[in-house]
Amino acid sequence: MDMNAKKKLGLKEKYALMTRNLGWETTYEPMDKVFPQMDYEGIRIHDWDKWEDPFRLTMDAYWKYQAEKEKKLYAIIDAYAQNNGHLNVTDARYINALKIFLSAVPSLEYNAHRGFARLGREMRGVGPQVACQMQAIDEIRHAQTQIHSLSNYNKFYNGFHDWKHMNDRVWYLSVPKSFFEDACTCGPFEFIIAIGFSFEYVLTNLVFMPFISGAAYNGDLGAMTFGFSAQSDEARHMTLGLEVIKFMLEQDPANLPIIQRWIDKWTWRGVRLLTIVAMLMDYMLPKRVMSWKEAWEVYFEENGMALFNDLARYGIKVPDCAALIKKEKDHISHQAWNAFYTAGMITNFHTWLPSEDEMNWLSSKYPDSFDKYYRPRFEYYRQREKEGKRFYNKTLPMLCQVCQIPMLFTEGDDPTLISYRQIEHKGDKYHFCSDHCQHIFEHEPEKYVEAWLPAHQIYQGNCFAEGADPTAPGFDPLKSVLDYWHLDFGRDNLDFEGSEDQKNFAAWRQQATTN
Amino acid sequence: MQIDLRTVSIKPLRHTFDHVARRLGADKPASRYQEGTFDVQPSDNLQYRPTWDPEHELYDPARTQVVMKDWYAFKDPRQYYYGTYTMARARQQEAAEASFDFVETRGLAATLPPDLSRRALDVLVPLRHVAYGANLNNTAMCAYGYGTAITQPCMYQAMDQLGIAQYLTRIGLLLADASELEAGKSRWVGDGRWQGLRRYVENTLVLKDWFELFVAQNLVLDGLLFPLVYDQFIDKRVANEGGAPVSMVCAFMPDWFAETSRWVDASIKTAAAESPQNAQLLADWTSAWLLRATDALEPVATLALGEDAGPVFETVVDAFKARAGKLGLPL
């Protein structure tokens with residue numbers, strides 16, 4: 001056989017043989033039984049062969065590229081740890097941003113890993129199966145590289161020590177937890193719109209900006225490196241998210257209203273989740289990258305709108321919530337920091353008041369809101385601190401039934417009025433932070449009544465330390481809840497000023513830089 | 001002799017995360033495998049019932065009849081987390097690439113006796129679809145299984161089987177061309193000798209108990225198929241009859257099987273050792289699927305080995321039974 005006489009295969013043709021040609025129409029078991037999750041959401045797919053592979057990566061190439069990236073990444077992580085790189089960050093307050101990151105994000109990545117594994121099995125076409133499987137394995141990479149990068153911080157600083165236990169229990173961590181578990185309990189098509197499109201494509205830059213650029217700006221080579229190393233994976237995930245939405249829209253016009261509803265829901269869910277990111281950018285990074293408002297304007301109002309314009313030819317509209325978010329962008333980071341500062345007794349990270357310089361920066365970035373609404377609050381808190389009466393909120397907040405964030409947001413047109421919605425469903429009252437969260441509930445009440453709301457659970461007595469007896473004389477409920485969370489009182493929580501982290505960092509930095 | 005290098009040393013407050021320390025029994029340095037695996041799956045206060053399986057929670061140990069006190073009792077003897085996994089496979093693919101390159105640049109495919117090349121293609125090309133079925137099945141085990149300790153290596157196994165399907169595709173293209181892949185697919189869906197195996201694969205695609213799926217796919221089917229096809233057929237028969245180049249380009253598969261069997265064995269052993277009920281369950285599943293797999297593979301053995309198929313296949317089945325016995329399965 002003469003090798004040269006063979007027909008030369010194009011890249012696309014060859015990739016098709018390596019993937020979609022592997023599948024067949026089953027006959028011993030009906031296809032609908034082999035792929036049982038394809039119909040119940042109402043999405044109609046007529047021809048899986050119309051799927052355009054968003055990238056063409058065979059396994060041998062995948063192993064090769066990914067192993068190269070892993071080798072480089074772990075070499076840097078090792079060097080960073082050996083060299084006590086953590087002492088080179090701008091200011092030990094920065095490390096608190098990493099505590100939030102570790103408590104929240106690897107679990108999200110892990111959920112994405114398992115969710116994409118389900119899609120990698122359940123999507124009926126081989127092309128999307130393979131693309132989803134690659135994302136599934138990438139996502140466990142991200143969870144692990146994050147854990148491994150931050151492992152060294154855990155050795156020297158408080159608040160990191162039981163991240164997984166806390167992720168399943170601590171009040172504010174139910175916000176990211178419920179977001180991803182919501183997506184993972186959806187049908188396959190909604191999952192991929194939620195995570196692959198709304199989260200990965202529309203909002204990823206807004207997550208990367210504070211954490212990864214924030215790490216770069218604050219001398220944290222360790223965290224910066226896993227972010228940059230994940231960047232090419234993310235690019236693949238974004239093209240998958242976009243391909244999926246176009247494929248679904250092109251397959252049947254009846255898909256449009258379903259998809260539009262999912263985009264509306266998940267854009268809003270995603271933006272609410274990003275509240276903590278907004279706060280991180282404006283309050284927790286000693287060296288700021290940009291303000292939350294600026295990031296929102298660049299990455300959503302400009303880039304996001306360009307994307308929606310591109311999808312307009314399919315009939316996709318900008319989500320209604322965009323109008324409210326535009327009004328809220330001047331406020332949410334300040335409202336969130338206010339909430340965490342006053343809840344500083346029940347957080348696994350330290351809080352502080354912005355310095356005078358930092359408040360001036362905030363005034364310049366938020367000329368329409370900071371001086372008017374928020375500076376006076378922080379000045380009041382400062383005054384109280386000076387008097388030795390640091391204010392801690394001693395009660396539990398009411399939570400929104402959908403996003404699970406405490407009722408801390410204000411009405412779009414009145415920043416002095418808490419935004420509060422309430423409805424009755426089957427004899428019970430439910431509370432919401434916004435019209436958008438209320439609408440999400442109303443569409444699927446049977447799902448959202450199952451929410452595990454930490455404040456409710458605590459009041460119902462479900463979050464006390466194992467073996468605790470709430471009827472015993474002298475029972476301290478707050479202490480028992482902190483024990484249930486494994487939160488180490490006085491080391492993990494309270495003010496940064498005077499914390500063990502602050503003292504250790506100063507002493508170690510001195511040890512490393514003087515004789 | 002060693003050079004004494006010093007770095008500024010600071011005494012750490014702790015050596016690992018608390019959930020890892022609880023598993024290790026003390027706060028001591030943990031490996032990356034341990035930190036990247038132990039308890040990583042969310043497990044408490046799960047929020048909503050899956051719309052695709054309202055009978056269960058999102059992560060639910062009750063999706064299998066196997067019962068474990070602790071699902072992190074499973075250990076991957078290879079200690080694979082993503083980094084070590086991809087680095088190991090990158091080395092193997094480099095070796096495989098060198099073999100393909102060696103055979104291609106020297107035109108060795110053309111030196112094969114035509115009937116031998118034909119027989120190799122007849123056996124190997126339809127196996128692309130078997131590997132693809134294994135890819136879907138392991139992806140399902142990752143999606144629906146419980147505990148990162150066992151679901152993580154299932155995802156790696158899934159991607160490996162996709163890699164194998166792709167190596168088999170390249171072998172088809174190397175020994176023949178794209179039309180051979182189509183012909184192989186026609187035999188897979190239409191030729192009587194492949195229908196038993198196709199029925200087996202399709203039956204596994206609808207299995208709901210993910211641990212039974214693990215037994216049917218990773219223990220039983222692979223446990224017979226790989227020794228039969230790669231050890232007995234490719235490396236013994238084909239290589240001896242002048243087909244060493246085929247053996248070279250197949251080398252990934254038997255090496256992979258030897259490596260992954262260590263993990264499959266460790267997993268079965270752990271589950272069986274947990275309780276007599278588990279051991280009985282696993283033994284029942286293994287016996288039932290072994291019977292079906294033997295029937296399904298007999299015609300493939302004949303296709304590969306002709307009149308020697310009977311005794312050779314018997315040694316493969318005997319070896320499998322001995323392996324199962326060592327794992328604590330009373331067959």
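Modeller: In the contact region, 76 residues of chain A are in contact with 69 residues of chain B, a contact being a pair of C-beta atoms, placed from the backbone, that lie within 7 Å. The model is predicted: local features need pLDDT of at least 70, side-chain atom pairs count only at pLDDT 80 or more, and totals for chains, interfaces and linings use all residues. Residues are numbered from 1 along each chain as its sequence is written, while chains are lettered from A and ligands numbered from 1 in the order in which they are written.

On the side of chain A that touches chain B, the elements giving two or more residues include α3 (59-82), α4 (95-122), α5 (126-156) and α21 (500-513) of chain A. Helices (H or I, at least four residues) and strands (E, at least two) are DSSP runs, numbered from the N terminus. The largest share of this side, 14 residues, comes from α5(A). By class, the residues of this side divide into 29 nonpolar, 25 polar and 22 charged; Ala, Val, Leu, Ile, Met, Phe, Trp, Tyr, Cys and Pro count as nonpolar, Asp, Glu, Lys and Arg as charged, and the others, Gly among them, as polar.

M155(B) illustrates the contact between the chains. Leaving aside its neighbours within four places in sequence, M155(B) is in contact with A117(A), A136(A), I137(A), I140(A) and C142(B). M155(B) is also among the residues with the most contacts inside the largest nonpolar core, together with I193(A), L224(B) and V229(B); this core has 240 residues. Helix α9 (residues 210-240) of chain B gives the most to this core, with 18 residues. Such a core is a set of buried Ala, Val, Leu, Ile, Met, Phe, Trp, Tyr and Cys residues joined through C-beta atoms within 7 Å. A residue is buried if 20 or more other C-beta atoms lie within 10 Å of its own, exposed if 12 or fewer, and partly exposed in between.

Helix α6 (residues 148-175) of chain B is mostly covered, with 25 of its 28 residues buried. Its end C-alpha atoms are 40 Å apart, which agrees with the 40 Å that 28 residues should span at 1.5 Å a residue; the expected span is 1.5 Å times one less than the number of residues.

The strands of chain A can be described in turn. Strand β1 (residues 410-411) and β2 of chain A pair in the antiparallel sense over two bridges, pairing requiring that DSSP finds at least two bridges. T410(A) stands opposite I418(A) in β2(A), and the two strands form a hairpin with two residues between them. Of the five residues of strand β2 (residues 414-418) of chain A, zero are buried, so this strand lies largely in the open.

Strands β3 (residues 421-425) and β4 (residues 428-432) of chain A run antiparallel and are joined by five bridges, with E424(A) opposite K429(A). In the loop between β3 and β4 of chain A lies K426(A), whose phi is near 50°, a positive value in a residue other than glycine. K426(A) counts as exposed because it has 8 C-beta neighbours inside 10 Å.

Note on methods. Contact = placed C-beta atoms within 7 Å.
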